[in-house]
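Biologist: I have a model open on my screen and would like a hand with reading it. Could we go through it feature by feature?

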Amino acid sequence: MGRNEGTEVVRNSVMVIRTEPFTLAEFQSKNELASMLTAPEFTIPIISLDWANDTTLKAEIPGTADYTFETLATWNQHRSKTMDVRLTVK
């Protein structure tokens with residue numbers, strides 16, 4: 001899911017839904033970035049999100065020092081540095 005801030009910045013949040021039973025999955029990842037990516041608040045833009053294996057998602061996000069609108073708008077103009085965050089489903 002995402003939240004659009006004009007055309008410059010789109011922030012996302014990751015949710016995984018289990019179909020049997022129909023519930024939200026929990027994540028094992030406990031670091032700050034993983035928590036921000038899975039929080040109900042839309043904090044960080046996700047450039048790409050793919051399954052690395054059956055239980056792990058790999059998210060590519062901007063490699064910035066913070067995620068303020070100004071920092072992300074500047075990053076978006078240059079698209080320079082990125083970083084990967086792995087999210088493991090319980």
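Biologist: In what order do the elements of the chain run from the N terminus on?

Modeller: First, a word on what we have: this is a predicted model, where local features need pLDDT of at least 70, side-chain atom pairs count only at pLDDT 80 or more, and totals for chains, interfaces and linings use all residues. Residues are numbered from 1 along each chain as its sequence is written, and side-chain values use heavy atoms, with hydrogens and water left out. Helices (H or I, at least four residues) and strands (E, at least two) are DSSP runs, numbered from the N terminus. Here the order is β-β-β-β-α-β-β-α-β, which comes to 2 helices and 7 strands.

Biologist: How do I judge the radius of gyration of the chain?

Modeller: You hold it against a rule. The radius is taken over C-alpha atoms, and the globule rule is 2.2 Å times the number of residues to the power 0.38. For this chain the radius of gyration is 14 Å, close to the 12 Å that the rule gives for 90 residues, so the chain is as compact as a globular protein of that length. Along its principal axes, the C-alpha trace spans about 40 × 20 × 20 Å.

Biologist: And what percentage of the residues count as buried?

Modeller: Buried means under 20% relative accessible area, exposed over 50%, and partly exposed in between (1.4 Å probe, protein chains only). Of the 90 residues, 33% count as buried. Strand β6 is mostly covered, with 5 of its 7 residues buried.

Biologist: Let's stay with β6, then. Which strands make up the open sheet, and in what order?

Modeller: Two strands pair if DSSP finds at least two bridges between them. The open sheet has 3 strands in the order β5-β6-β7, with antiparallel pairing. β5 (48-51) and β7 stand at the edges with a single partner strand each, so one side of each has no neighbour in the sheet. Neighbouring strands here are turned by 20° against each other on average, direction ignored; axes are lines fitted to C-alpha atoms, for helices over the stretch in contact, and angles run from 0 to 180 degrees between N-to-C directions.

Biologist: How many bridges join β5 to β6, and how many join β6 to β7?

Modeller: There are 4 bridges between β5 and β6, and a hairpin joins these two strands through 4 residues. Between β6 (residues 56-62) and β7 there are 7 bridges. Another pair to look at is T56 with T88 in β7.

Biologist: Next, charges. Which residue forms a salt bridge with E26?

Modeller: Side chains of opposite charge can pair when their charged atoms come close. The cut-off used is a side-chain nitrogen of Lys or Arg within 4 Å of a carboxyl oxygen of Asp or Glu. The structure holds 1 salt bridge. K90 forms it with E26, the closest N and O atoms being 3.4 Å apart. K90 lies in the segment after β7 and E26 in the loop between β4 and α1, so the pair ties together parts that are 64 residues apart in sequence. E26 is exposed, at 51% relative accessible area, while K90 counts as partly exposed at 48%.

Biologist: Which residues make the nonpolar surface patch?

Modeller: Patches are made of residues with over 30% relative accessible area and no salt bridge: like charges are joined within 9 Å, nonpolar side chains (Val, Leu, Ile, Met, Phe, Trp, Tyr) within 5 Å. Areas come from the Shrake-Rupley method with a 1.4 Å probe, and for residues only the protein chains shown count as cover. M15, I17, F22 and L24 make a patch of about 460 Å². F22 lies in strand β4 and is exposed, with a relative accessible area of 68%.

Biologist: Last, the backbone. Where is the cis peptide bond, and what is the phi of R79?

Modeller: The cis bond joins E20 and P21, with omega about -15°. P21 sits in the loop between β3 (17-19) and β4 (22-24). R79 has a positive phi of about 50° although it is not a glycine. R79 lies in the loop between α2 (69-78) and β7 (82-88), and at 47% relative accessibility R79 counts as partly exposed.
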